[in-house]
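Please consult the sequence and the structure shown here while reading.

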Amino acid sequence: MKTKVFDNLNDLNKDFSLWLKKILAEKEDLSIALSGGNTPRSLFKYLATNHADDIDWSKIKFFWSDERCVWPDNDDSNYKMAKENLFDLVPVSNKNIFRIRGENDPYKEARSYEDLLQNELEVINGTPQFDVVMLGMGEDGHTASIFPHEMNLWESSNMCVVATHPKTRQMRISLSGKTINAAKHVAFLVTGAPKAKKVKEIIEDNKNAQEKYPAAKVQPSSGSLTWFLDKYAGRELSKEK
Ligand code: 6PG
């Protein structure tokens, strides 16, 4: 595991972009699961502004780690957020965009997305393998759309699960733990002081944190887990880390 702490969001976005470009340079094509939230939004804007021309976008296949169960033109849609901040601004072909259909019946859609992942990705020991899974973390320690009150979904034998937001009760479709942990590379993008305590617990006391927070269970079997933090999210970490 690697922990990187940056002075500001721009430096974080810059480093993540270089990290992604390095992985891309070693591959013919690359599959990435995107997440929702404000930190990814800022990354997408950064990529569109700074790397529209020097990334071969045709090599990348886009998927999602989670989606809210809404129509794709709804402001809550993670697809809509990525479309407006990235896909509309860089040369990405629609055939490389594999969105979760939040407008469909969630249980049927979870099964359809599993079929899609099995067709599009390499399947290792029964689980589709992403090259990169990009994740955020909520203040409650959730990741993708697996929240602390539904820890059991992390352990699901399915590749995708149907989840519920604890406050709004909004339904979500999310990758399960086994799909996330099967990825070749997993990156957490986490910013903001309100998340600092959980970041510390998860990184420095992982075993106990695993009892409480889905984000602590992100432990890819490849061993490639990188935390991209801003100085606020990383401010409680022990100095020697
Ligand atoms: C979503 C997510 C979710 C998100 C975190 C962090 O669709 O809401 O994928 O897991 O990444 O809540 O979001 P922020 O970057 O906005 O804090």
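The shell of residues around the ligand comprises 3 nonpolar, 10 polar and 4 charged residues, where Ala, Val, Leu, Ile, Met, Phe, Trp, Tyr, Cys and Pro count as nonpolar, Asp, Glu, Lys and Arg as charged, and the others, Gly among them, as polar. The model is predicted: local features need pLDDT of at least 70, side-chain atom pairs count only at pLDDT 80 or more, and totals for chains, interfaces and linings use all residues. Residues are numbered from 1 along each chain as its sequence is written, and side-chain values use heavy atoms, with hydrogens and water left out.

**The ligand and its shell**

- The ligand is surrounded by 17 residues, and Asn38, Thr39, Arg68, Ala144 and Lys195 are the closest; a residue is near a molecule if one of its heavy atoms lies within 4 Å of it.
- Helix H2 (38-50) and strand E4 (66-68) each supply at least two residues of this shell, and H2 gives the most, with 3 residues.
- Helices (H or I, at least four residues) and strands (E, at least two) are DSSP runs, numbered from the N terminus.

**Atoms of the ligand close to side chains**

- An N or O atom in the side chain of Lys195 is 2.4 Å from an oxygen atom of the ligand.
- For Arg68, the distance from a side-chain N or O atom to an oxygen atom of the ligand is 2.7 Å.
- For His142, the corresponding distance between a side-chain N or O atom and an oxygen atom of the ligand is 2.8 Å.
- The protein buries 89% of the 420 Å² that the ligand exposes when taken alone; accessible areas come from the Shrake-Rupley method with a 1.4 Å probe.

**The largest pocket**

- The ligand takes up the space of the largest pocket; a molecule sits in a pocket if more than half of its atoms lie within 2 Å of its grid points.
- On a 1 Å grid over the protein atoms alone, a pocket is an open set of points with protein on both sides within 12 Å along at least five of seven lines, a cavity is a set where a 1.4 Å probe fits but cannot get out, and lining residues have an atom within 4 Å of a point.
- The largest pocket holds about 450 Å³ of space; grid points are joined across faces, edges and corners, and a volume is the space filled by probe spheres set on the points.
- This pocket is lined by 26 residues, of which Gly36, Gly37, Asn38, Gly138 and His142 are the closest to its centre.
- H2 and E4 each give two or more residues to this lining, and H2 has the largest share, 4 residues.
- The lining of the largest pocket divides into 6 nonpolar, 15 polar and 5 charged residues.

**The second largest pocket**

- The volume of the second largest pocket is about 200 Å³.
- Its lining includes Lys2, Asp15, Trp19, Glu26 and His185.
- Strand E1 (2-6) and H1 each give two or more residues to this lining, with H1 giving the most, 5 residues.
- The lining of the second largest pocket consists of 3 nonpolar, 3 polar and 5 charged residues.

**The cavity**

- The count comes to 1 cavity of 30 Å³ or more, and about 50 Å³ of space lies in the largest cavity.
- Among the residues that line the largest cavity are Phe16, Leu43, Trp57 and Met134.
- Helix H1 (9-25), strand E2 (30-34), H2 and strand E3 (60-64) each give two or more residues to this lining, and the largest share, 3 residues, comes from H2.
- The lining of the largest cavity has 12 nonpolar residues, no polar and no charged.

Methods:
Polar contact = N/O pair within 3.5 Å; in protein donor to acceptor, adjacent residues only side chain to side chain.
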